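Please look through the sequence and the 3D structure below before reading on.

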Amino acid sequence: MQTDNYKTIETTSEGIYKEKGSKFIAYAFPVTCEEDIKDEISRLKKEYYDARHHCYAYMLGADKKDFRANDDGEPSSTAGKPILGQILSSDLTNILIVVIRYFGGTKLGVSGLIHAYKTAAQDAIANAQVIEKTVNDIYDIHFDYLVMNDVMRIIKEEQPLQIDQDFNLTCRITLSIRQSEVDKIIERFNKIDSVKTKHLRTE
């Protein structure tokens, strides 16, 4: 059964880990699409232009099917995978973690790198505010003014989030409805004469 709720972080958080002169600066970002991810990575590469590596991992979607890990020049699976492992173990999604490394002159070895990237990512998550969100469908509800009371009764009883409204001879209300509630609520609206429902997007 597909889930309609998930855990993510509320705002950007930071973490840090130091080992043998190397410094690992971690940033965790709430993201919703690959465009957000590209923007954040690009910005950090400009800000930390003198760093040797900008390794990252991300997870998108309530179903956690869209993810990636990137070692950015570090030995294979020593950076991106440990970062992704921390995202998975914290059961988070819609999150990007970037760990920036400044090399301190002493090689850490494969196990040392894995530990460093894992710990830096862990610290960023520990400093974040974890929140739970629901997957919602956005609907436009169009109806004649005469059935306004019937429509508003359903909204009062079911309590979907009202985003927008326009009341004229023909009325429109835009609602955000939790996915698991959609079928029940839309079915109720469709039983009223003149009501037309239109799915706009999922978020």
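What follows goes from the domains to the strands, a helix, the charged pairs and a few backbone angles.

The model is predicted: local features need pLDDT of at least 70, side-chain atom pairs count only at pLDDT 80 or more, and totals for chains, interfaces and linings use all residues. Residues are numbered from 1 along each chain as its sequence is written, and side-chain values use heavy atoms, with hydrogens and water left out.

The chain is assigned domain 1 (5-133) and domain 2 (135-202); such bounds come from an automatic or database domain assignment. Between the C-alpha centres of domain 1 and domain 2 there are 40 Å. An unreviewed UniProt entry lists residues 20-125 as "domain: Impact N-terminal". UniProt positions are given in the numbering used here, feature names are shortened, and annotations may be inferred rather than shown by experiment. That span is 39% helix and 28% strand, and its end C-alpha atoms are 23 Å apart. Helices (H or I, at least four residues) and strands (E, at least two) are DSSP runs, numbered from the N terminus.

Begin with the strands. Two strands pair if DSSP finds at least two bridges between them. Strand 2 (residues 13-19) and strand 3 (residues 22-30) run antiparallel and are joined by seven bridges. Gly15 has Ala26 in strand 3 as its bridge partner, and Lys18 stands opposite Lys23 in strand 3. The hairpin of strand 2 and strand 3 has two residues between the strands, and Lys20 in this hairpin takes a positive phi near 45°. Strand 3 also runs antiparallel to strand 6, with eight bridges joining them. Here the bridge partner of Ala28 is Ile97 in strand 6. How much of strand 3 is buried? Seven of its nine residues are, so strand 3 is largely enclosed by the rest of the structure. Buried means under 20% relative accessible area, exposed means over 50%, and partly exposed lies in between (1.4 Å probe, protein chains only).

Next comes helix 2. Its buried residues are Gly80, Pro82, Ile83, Leu84, Gln86 and Ile87. An α-helix has 3.6 residues a turn, so residues three or four places apart point the same way. The cover over the buried residues of helix 2 includes strand 4 (53-60), strand 5, strand 6 and helix 3 (109-126). After helix 2 comes Asp91, which has a positive phi near 60°.

Charged side chains link several parts. A salt bridge is a side-chain nitrogen of Lys or Arg within 4 Å of a carboxyl oxygen of Asp or Glu, and the structure holds 13 salt bridges. One of them joins Arg101 and Glu74, whose closest N and O atoms are 3.0 Å apart. Arg101 lies in strand 6 (residues 95-102) and Glu74 in the loop between strand 5 (66-70) and helix 2 (80-89), so the pair ties together parts that are 27 residues apart in sequence. Both Arg101 and Glu74 are buried.

Another salt bridge joins Glu158 and Arg188 at 2.9 Å, N to O. Glu158 is in helix 4 (residues 148-158) and Arg188 is in helix 5 (residues 182-190), so this pair ties together parts that are 30 residues apart in sequence. Glu158 is buried, at 19% relative accessible area, whereas Arg188 is partly exposed at 28%. Glu158 and Arg188 also belong to a network of salt bridges with Glu157, Glu181 and Lys184.

Arg172 is found in strand 10 (residues 170-178). Its side chain makes a polar contact of 3.2 Å with that of Asp164. A polar contact is a pair of N or O atoms within 3.5 Å; within protein, one must be able to donate a hydrogen and the other to accept it, and residues adjacent in sequence count only if both atoms are side-chain atoms.

Last, consider some backbone angles. Most residues other than glycine have a negative phi, and most peptide bonds are trans. Lys64 is not a glycine, yet its phi is positive, about 55°. Lys64 lies in the loop between strand 4 and strand 5 and counts as partly exposed, at 25% relative accessibility. Gln159 likewise has a positive phi, near 60°. Gln159 sits in the loop between helix 4 and strand 9 (161-166), and at 66% relative accessibility Gln159 counts as exposed.

Notes: Contact means heavy atoms within 4.5 Å.
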